[in-house]
Each structure stands twice: as C-alpha cells, then as structure tokens.
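Biologist: I'd like to learn how to read a few features of a model. Could you walk me through them?

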Amino acid sequence: MLRYALTGNIASGKSTVQKILEKKGFKVLDTDKVAHEILKTSDEIRIAFPDCVENGEISREKLGKLVFNNDISKNKLESIIHPQIRNSIKEFFDKNTQEKTCFVAIPLLFEAGMTDLFDKSLLIYTDDKIREERLISRNNYTLQYAHLRMNAQISQDKKKDLCDYTIFNNGNLNELKIAVDNFVAKL
C-alpha cells in the first residue's frame, strides 16, 4: 500500500480535496476529525485546560484562542494529542492494508513530526491572500486572528520544498477537480 499524507495550511482546500478523493473511492483518514474526537473524550485535556471546559466539555473556541496565543499551552496540548493521532494513523493503515493507496489528511504533518508514517506527501497550496479571505468570511475571524492562525504553521513555501507533489488551489472548484484528476492519473 502507498501511504499518502494530504497536507496543506489552514484554508488551503485540503478538506475539499479529501472529499474529491473519497468520491473517487480512496480511503482517507481526516486527522482534524480525530483531534476533535480526542478533545471530546480526553479527560487529560479537560484536566490540563480547566479554563476551557464548558458544561463538562472542552470549548474548541476557548482552547484555540488560548493555544494560538501561548506556545507553552500549544506545546502542552500537542504533547497530549499528537501521540494519539499517530496511533490512529497506524490503526487506519493496518485496517486498510488491502487498499492500493490510502490518504491521511494531516495539516500538521511537518509540525508534528509525522513524516515517517508516509511514503509520499501531497500539498494543497493556496495563495496566502485567498486563505486569509476564506478565514475571515468562512470562520468569521478577525484579520489579526486569521494571521495568528496562518502563522502558527510552517510556511507553504517551505512545505512545497518538503512535499513530493503540490496542487495549486487558487482557482475555482472545477479547476481543483481537474488538478486532482491529473494527480490521480499519475498514481
């Protein structure tokens, strides 16, 4: 099995590419969903971040604002979540050994040091101005908070140099579908 990391910075279009790949029949693990599930169920996170608990559950909004403004809190959260995500990725590959190619959507591939789990990597690259506009309109972020979130990841240009393949997503959905079709044809 060929194990592909599907990566890209926030608001690059990773989720859209993931949906396109799934419609084509590929198995894709979404590590954002894995992380959200960990946040829902982890007593360790509730204990580590008591100010972010509302009605017995972690408030993702409060936690996000805390960790994106405080490196110590961010590192603490990642030390809890990343090992669990790593295990989920291994389990996903173990469950899908009969597949020719599997994808894992993992925005923090390099930041989390998980490149060793993959054979190849595919970056979804979208110009920063477009990503900024998406975060402001889609997520109702302020310009300052959008930049804070965007700057929390390694730059796309550095990731482009580290990845095996890059799909540029500066156009419309149809252009993205064509780019994904061209990528899949090379598999």
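This is a predicted model: local features need pLDDT of at least 70, side-chain atom pairs count only at pLDDT 80 or more; totals for chains, interfaces and linings use all residues.

Biologist: Is the crossing of α1 and α9 left-handed or right-handed?

Modeller: Residues are numbered from 1 along each chain as its sequence is written, and side-chain values use heavy atoms, without hydrogens and water. Two packed helices are described by the angle and the distance between their axes. Here, the crossing of α1 and α9 is right-handed (the near helix is turned clockwise from the far one by less than a right angle).

Biologist: Which residues make the contact?

Modeller: T16, V17, I20 and L21 of α1 meet L173, L176, K177, V180 and V184 of α9 (contact means heavy atoms within 4.5 Å). By class, that contact has 7 nonpolar, 1 polar and 1 charged residues (Ala, Val, Leu, Ile, Met, Phe, Trp, Tyr, Cys and Pro count as nonpolar, Asp, Glu, Lys and Arg as charged, the others, Gly among them, as polar).

Biologist: How many disulfides does a search of the whole structure find?

Modeller: A disulfide is a covalent bond between the sulfur atoms of two cysteines. The search finds 0 here (the sulfur atoms must be within 2.5 Å). For C102, the nearest cysteine sulfur, that of C163, is 18 Å away.

Biologist: Is C102 buried or exposed?

Modeller: C102 is buried, at 0% relative accessible area (buried means under 20%, exposed over 50%, partly exposed in between, with a 1.4 Å probe and protein chains only). F168, by comparison, is partly exposed at 46%.

Key:
Helices (H or I, at least four residues) and strands (E, at least two) are DSSP runs, numbered from the N terminus.
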